[in-house]
Amino acid sequence: MSALATGYAPEMIDVPAGVLSGFRIAVTSQRRSTELIEALQRRGATVLHAPTLSIAPLEGDEELLARTRRVLEIRPDYVVVCTAYGFRRWFECAEAAGMGDELADVFRSAKIHVRGPKALGAVRALGFDAESMAADELTGTLVAELAPDLQGKLVVLQHHGYFDTEATAALLRAGATEVVKISPYRWVPPADPSKLEVLVRALCAGSLDVLTFTSAPAVHALLDAARLHNLKDELLAALQSSLCTVAVGPVTAAPLRALGIEPLVPERHRMGAMIRTLVEHLGANGSMECATVLGLCQLRGDTVHLEGVSEQHELGDSQLRIFKALLAAGGNVVARPALAALLPEGSSDHALDMAVSRLRRALPDARLISTVVKRGYRLNT
C-alpha cells in the first residue's frame with residue numbers, strides 16, 4: 001500500500017546501543033535537536049550541539065499574515081505543501097489571527113499536493129485531503145508533475161523557508177497566473193553564535209568524526225560563519241577530507257554537492273533512517289585497525305582498543321592525528337616532517353617528540369609505537 005494511502009507512520013530508531021562509542025558527532029539543527037542528540041548519545045556517541053540557525057518566533061509575523069490574507073482573497077486552485085512543520089505552523093498562525101476557519105475553507109476547496117509522507121501526515125492530521133505526493137519527495141518533481149494542469153491557475157506554494165525561487169519560477173513557467181509563497185518559518189542567526197564558532201574551529205582542527213545536517217539553510221549558515229572567522233578554506237578542506245558528512249535528504253544535500261562534497265543520504269528522508277545510515281557507514285568504514293606485536297589495534301573515532309586489554313583509551317586531538325597517520329601507514333615509518341605537519345603550525349622537533357610521548361602514555365600500551373632514530377615513528381608490527 002502506498003504512503004499516500006497509509007499516511008505517515010512514526011519512525012522507529014532500532015540501531016543497537018553503544019554502536020557509536022568513540023565517535024564525535026556534530027549536530028547543527030535547532031528543531032528536533034533534542035531527539036537527535038539523545039538518539040546519538042544512547043548509542044555511545046559524544047555530541048557537539050551547535051545550531052547554525054534558529055527559527056524566528058511565530059508571534060507577530062506580519063508578512064505571513066499578509067500573505068495568508070492574499071490566499072483568502074484569491075482562493076487558489078492548487079496548494080503545494082512542502083513541509084509538515086511549515087503547514088502546521090501556518091495553520092496555527094492563521095488560527096491565532098482569527099483566520100483559521102477561512103483558511104480551512106480554502107484548503108477544502110483547493111487541490112492539495114504534498115512533497116512527501118510527513119507533509120501528507122500533517123495535511124491529514126488537520127482534517128484535509130491530498131491529491132498526490134511526489135514519488136521521490138522532491139519539490140521539483142512535484143512541480144513537474146503538476147505543470148501540465150497549471151495554465152491560468154492560482155497556486156499557493158508553502159515552501160521550506162529558503163531558496164524557493166526555482167520552484168516558484170517553474171510554477172510560473174507552467175502557466176500559473178499567480179504564485180503566493182508561504183514561508184511559515186524564517187531562519188535567523190542562532191541564539192548563541194559562540195557555539196557556532198566552536199563548531200567551525202573544531203571542524204577545521206579535525207576534532208570531529210561526523211557532521212550532521214537536517215536542513216539546507218544550516219549548510220549555508222555554517223559556511224557564512226567560517227567566512228566571518230576567515231576560516232572558509234580550512235572548513236572546505238575539512239569537509240572534503242575524511243570527515244563524514246550526513247544530510248537527512250537530497251534537498252539538504254544539494255548545497256554540499258554544489259561544493260563537491262558527497263554526503264551520506266538515507267533512502268528514506270527521515271531522522272531515524274539517517275541514524276541507521278550513519279551507523280552502517282561507521283560500522284563498515286569508521287574504524288581503522290592494524291595487527292601489531294601486541295595484538296589487533298583498532299581506532300574507533302577517538303578511542304583505541306587493543307586486543308586483550310579491557311580498558312578503552314581516548315585520545316586528544318593532536319594525539320589522534322598522529323595515531324591515525326601511524327595506523328594508516330600499517331607499520332611503515334612515518335617521517336618526522338609528516339608527523340610534525342599534523343601539529344599546530346610552527347611545531348618544532350621537540351614538540352613532536354613531546355606529542356608522541358603524550359600519545360604513548362594515552363595508549364593501552366606504550367610499546368605500540370616504535371621510534372626509528374633520525375627518521376620518524378611507526379607502529380610496532
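**Note on the predicted model**

1. The structure is a predicted model, in which local features need pLDDT of at least 70 and side-chain atom pairs count only at pLDDT 80 or more, while totals for chains, interfaces and linings use all residues. Residues are numbered from 1 along each chain as its sequence is written, and side-chain values use heavy atoms, leaving out hydrogens and water.

2. Apart from neighbours within four places in sequence, Glu137 is in contact with Arg115, Gly116, Pro117, His269 and Arg270, contact being defined as heavy atoms within 4.5 Å. The side chains of Glu137 and Arg270 are joined by a polar contact of 3.1 Å. Such a contact is a pair of N or O atoms within 3.5 Å; within protein, one must be able to donate a hydrogen and the other to accept it, and residues adjacent in sequence count only if both atoms are side-chain atoms. By contrast, 40 Å separates the C-alpha atoms of Glu137 and Arg321, which are 184 residues apart along the chain.

3. Helix α6 comes next. Pro117, listed above among the contacts of Glu137, is one of the buried residues of α6, as are Ala119, Leu120, Ala122 and Val123. After α6 comes Gly127, with a positive phi near 90°.

4. Six aromatic pairs are present in the structure. The rings of Phe, Tyr and Trp (the six-membered ring of the last) pair if their centres lie within 6.5 Å, and planes under 30 degrees apart count as stacked, over 60 as edge-to-face and the rest as tilted. One of the pairs is that of Phe91 and Phe128, which is edge-to-face at 5.9 Å centre to centre with 70° between the planes. This pair links distant parts of the chain, Phe91 being in helix α4 (residues 84-96) and Phe128 in the loop between α6 (117-125) and β6, 37 residues apart. Both Phe91 and Phe128 are buried.

5. Phe128 also pairs with Phe107: the ring centres are 5.1 Å apart and the planes stand at 75°, so this pair is edge-to-face. Because Phe107 belongs to helix α5 (residues 100-109) and Phe128 to the loop between α6 and β6, the pair ties together parts that are 21 residues apart in sequence. Phe107 is buried, like Phe128. Phe107 and Phe128 belong to one aromatic cluster with Phe87, Trp90 and Phe91.

6. An open sheet of four strands is ordered β2-β1-β10-β11, with parallel pairing; two strands pair if DSSP finds at least two bridges between them. The edge strands, each pairing on one side only, are β2 (46-49) and β11 (244-247). On average, neighbouring strands of this sheet are turned by 20° against each other, direction ignored; axes are lines fitted to C-alpha atoms, for helices over the stretch in contact, and angles run from 0 to 180 degrees between N-to-C directions. Strand β1 (residues 24-27) runs parallel to β2 and is joined to β2 by four bridges. Ile25 stands opposite Val47 in β2.

7. Ser33 is placed in helix α2 (residues 33-42). With a relative accessible area of 6%, Ser33 is buried. A polar atom of the Ser33 side chain lies 2.9 Å from the backbone oxygen of Gln30. Residues up to four places away in sequence not being counted, Ser33 touches Val27 and His49.

8. The structure holds zero disulfides, a disulfide being a pair of cysteine sulfur atoms within 2.5 Å. For Cys93, the nearest cysteine sulfur is that of Cys82, 18 Å away; Cys93 counts as buried at 6% relative accessibility. For Cys244, the nearest is that of Cys204, 17 Å away; Cys244 is buried, with a relative accessible area of 8%.

9. Two backbone angles deserve mention. Arg75, a residue other than glycine, has a positive phi near 45°. Arg75 lies in the loop between α3 (62-74) and β4 (78-81) and is partly exposed at 37% relative accessibility. Asn230, also not a glycine, has a positive phi of about 55°. Asn230 is in the loop between α10 (216-228) and α11 (232-239) and is exposed, with a relative accessible area of 68%.

Key. Buried < 20%, exposed > 50% of the residue type's maximum accessible area, 1.4 Å probe, protein only.
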